[in-house]
Amino acid sequence: MSKPNLDALSSAGVSIWLDDLSRERLTSGNLDELIRDWNVVGVTTNPTIFAGALSKGESYDEQVRELANRGADTEATIREVTTTDVRNACDKFRDIYNSTGGVDGRVSIEVDPRLAFDTDKTVAEAQDLWKTVDRPNLLVKIPATEAGLPAITKTIAEGISVNVTLIFSTERYEKVMDAYIAGLEQAKANGHDLRSIHSVASFFVSRVDTEIDKRLDAIGTDEAKALKGKAALANAWIAYGAFEKKFQGERWEALKADGAHAQRPLWASTGVKDPSYSPTLYVDQLVVAGVVNTMPEKTLHAVADGGKIVGDTVTGRAAEGQEVFDQLAAVGIDLEDVFKVLETEGVEKFEKSWEELLETVTNQLAQLKG
């Protein structure tokens with residue numbers, strides 16, 4: 001059955017990716033249905049998603065029991081279970097990957113978040129995940145921490161496609177794009193076919209409003225409260241303006257001539273956290289051709305039911321976004337501190353989820369052995 005709002009979003013050039021993956025989605029036919037009827041052309045995962053998936057139901061029991069009986073430890077079990085899900089998802093999206101020339105049909109898997117501040121270990125883990133999953137439509141997720149930036153360059157230089165995650169500020173985003181371009185230049189020098197390398201930059205949205213709205217409430221003035229719910233979109237519009245500037249000019253054109261693809265912006269964390277906001281806010285206002293919006297299923301349903309897709313709502317709005325930022329600074333919001341807090345919390349949240357995943361799997365191994 002056709003979903004006019006999702007059709008409109010796809011027609012506007014936005015790739016709809018699902019921000020969730022589990023064994024149950026893969027085996028129940030749910031993911032097949034979302035691909036067939038809901039315009040979903042990719043899927044992203046993260047440690048929080050996997051921690052949730054493994055803690056619910058019994059869909060992993062058979063594989064975990066088999067691994068327990070083989071004497072696999074917790075880390076090896078997590079690697080086996082998560083890469084199995086991702087590999088199977090890659091296979092489900094393979095036709096889309098082929099028909100879009102590798103642009104969509106993508107599945108992401110994240111490096112161990114405990115490595116976020118270790119460049120070399122992040123690169124080694126990215127290479128290992130790439131070999132283990134062994135599918136061309138994989139994207140390895142690397143966080144955009146300071147240590148992550150050189151890891152992005154080195155991983156791209158090896159011909160591995162990357163989803164850069166946990167980007168909150170345009171300043172850091174600029175460095176991410178530079179890291180990608182440097183990686184392509186090294187990949188070319190290493191003899192890799194640039195046409196086979198793809199990347200997305202996951203720019204987080206809703207968490208920016210959550211943090212800034214909290215600070216605006218604490219300031220408490222009418223001017224401050226009038227800015228609630230405006231920061232996240234302003235931030236994304238500014239970021240898109242930076243993207244447009246970066247992927248032009250002599251340096252980029254030289255790579256493009258060799259078949260290089262621009263690193264697509266991906267709007268992440270697009271489910272609203274504040275129930276007073278429209279559930280489709282971070283979809284309706286972030287429509288522009290050539291981007292990805294990765295959304296939880298709840299948001300996907302909200303867009304299908306009540307989205308207001310009216311064409312491009314991003315191009316040319318960087319100056320408008322900057323005005324909002326100037327107003328935020330004027331009422332006392334320290335934007336630099338906001339982005340620092342968000343990155344720290346983002347890494348910590350994924351680390352905590354990873355610890356929960358370790359604990360869940362350790363307990364399952366003990367229970368299912370024999």
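How many bridges pair β1 with strand β2 in the parallel sense? Let's take a few close-ups and find out. The model is predicted, so local features need pLDDT of at least 70 and side-chain atom pairs count only at pLDDT 80 or more, while totals for chains, interfaces and linings use all residues. Residues are numbered from 1 along each chain as its sequence is written, and side-chain values use heavy atoms, leaving out hydrogens and water.

**View 1. Strand β1 and its two partners.** The answer is 3 bridges, which join β1 to β2 (residues 40-43). Two strands count as paired if DSSP finds at least two bridges between them. Strands here are DSSP runs of E, at least two residues long, and helices are runs of H or I, at least four residues long, numbered from the N terminus. Across this pairing, Ile16 sits opposite Val40. Strand β8 (residues 291-295) also runs parallel to β1, held by 5 bridges, with Trp17 facing Thr294.

View 2. Asn5, Leu6 and Leu9 are the buried residues of α1 (residues 4-11). Why are they on the same side of α1? Because they cover an arc of only 95° around the axis, taken from the directions from the helix axis to the C-beta atoms. Turned away from that buried side are the exposed Pro4 and Ser11. The cover over the buried residues includes β1, α15 (281-284), β8 and α16 (297-306). After α1 comes Gly13, with a positive phi near 95°.

**View 3. Leu328 in the largest nonpolar core.** This core has 121 residues, and Leu328 is among those with the most contacts inside it. A nonpolar core is a set of buried Ala, Val, Leu, Ile, Met, Phe, Trp, Tyr and Cys residues joined through side-chain atoms within 4.5 Å. Helix α18 (residues 335-368) gives the most to it, 12 residues. Skipping neighbours within four places in sequence, Leu328 has contacts (heavy atoms within 4.5 Å) that include Ile212, Leu216 and Leu227.

**View 4. Asn235, tucked into α13.** Asn235 belongs to helix α13 (residues 231-246). Its relative accessibility is 0%, so Asn235 counts as buried. Not counting residues up to four places away in sequence, Asn235 touches Phe168, Thr170, Phe203, Val208, Phe325 and Phe339.

Definitions and conventions
Buried < 20%, exposed > 50% of the residue type's maximum accessible area, 1.4 Å probe, protein only.
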